[in-house]
Amino acid sequence: EVAFVGVQEAKIAADEIPHLETRFAREGWTLSAEPCLVSLEGGRSAGVALLARDGIGMAPLTSANCGVHVPRTHRAGYWVVEGGPPGGFVCCVLHLYDCVGPSARSNADMLNSTLVLLRALARPFLVLADWNCTPAELHATGWTEAIGGVCVTTGRATSNLKTCDGGVASRELDFAVVASSCAQGCSARLY
């Protein structure tokens with residue numbers, strides 16, 4: 001049974017979150033979201049969310065409740081989740097910028113901030129993300145090794161869209177990175 005769903009490009013405005021929390025609760029899920037950006041014209045960009053089955057405790061990580069800087073943005077959400085390993089774990093939902101690669105400054109800054117946070121917390125972790133790069137491209141940055149994680153993939157394409165150079169590519173861009181200490185038995189599915 002699915003326990004968690006990470007949502008990237010959720011496009012949920014801040015004023016819509018309470019209504020959606022209630023709606024998902026009726027279906028047996030707890031929703032927590034970082035709102036998207038809303039332009040003056042009403043366009044929406046990014047936004048991330050975490051859904052957990054009822055009975056699984058989760059709370060947003062904030063600098064106030066964990067004692068270290070938590071870089072929450074419209075592209076990065078961080079939660080502490082009860083259950084699993086003793087003491088629970090940290091769940092991150094990220095949405096990297098597309099068409100620039102994982103080493104571009106915008107993405108490298110997000111990855112570095114997440115690395116610093118997870119090292120400071122020294123807890124098991126699960127990072128669910130639209131990486132906008134393949135597992136091999138992410139691994140080539142050295143980030144998965146530096147964070148002490150392994151990629152958990154479906155082995156199937158999650159994107160079949162036009163590329164930034166006008167071509168078409170089918171690639172797996174949505175996958176998880178799990179703390180190596182917790183990776184045994186982890187699996188990922190597409191929905």
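Phe89, Cys91, Val93 and His95 point one way from strand 8, while Val90, Cys92 and Leu94 point the other way, and all are buried, where buried means under 20% relative accessible area, exposed means over 50% and partly exposed lies in between (1.4 Å probe, protein chains only). This is a predicted model, in which local features need pLDDT of at least 70 and side-chain atom pairs count only at pLDDT 80 or more, whereas totals for chains, interfaces and linings use all residues. Residues are numbered from 1 along each chain as its sequence is written, and side-chain values use heavy atoms, with hydrogens and water left out.

**Confidence and overall form**

- The protein has an average pLDDT of 89, and 92% of its residues score at least 70; pLDDT is the predictor's confidence in each residue, on a scale from 0 to 100.
- The secondary structure comes to five helices and 13 strands, which are DSSP runs numbered from the N terminus (helices H or I of at least four residues, strands E of at least two).
- Where pLDDT is low, the predicted coordinates should not be read in detail.
- The radius of gyration of the protein is 16 Å, which agrees with the value near 16 Å for a compact globule of 191 residues; the radius is taken over C-alpha atoms, and the globule rule is 2.2 Å times the number of residues to the power 0.38.
- Buried residues make up 41% of the 191 residues.

- Six strands form an open sheet in the order 6-7-8-9-13-10, with mixed pairing, where two strands count as paired if DSSP finds at least two bridges between them.
- Its edge strands are strand 6 (58-60) and strand 10 (149-152), each of which pairs on one side only.
- Strand 8 is largely enclosed by the rest of the structure, because seven of its seven residues are buried.
- On one side, strand 8 pairs with strand 7 in the antiparallel sense over six bridges, and Val80 has Val90 in strand 8 as its bridge partner.
- Strand 8 also runs parallel to strand 9, to which six bridges join it, and the bridge partner of Cys91 in strand 9 is Leu126.
- Strand 10 and strand 13 (residues 174-179) are antiparallel over four bridges, with Gly149 partnered by Ala179 in strand 13.
- Helix 3 (residues 105-121) lies across strand 7 (76-81), strand 8 (89-95) and strand 9 (125-130), running at about 175° to strand 8; such angles run from 0 to 180 degrees between N-to-C directions, with axes fitted to C-alpha atoms, for helices over the stretch in contact.

- Strand 2 and strand 5 (residues 48-53) pair over six bridges in the antiparallel sense, and Glu34 stands opposite Val48 in strand 5.

**Gln8 and its contacts**

- Gln8 belongs to strand 1 (residues 4-8) and is buried, with a relative accessible area of 17%.
- Beyond its neighbours within four places in sequence, Gln8 is in contact with residues including Val48, Val93, His95, Leu128 and Asp174, contact meaning heavy atoms within 4.5 Å.
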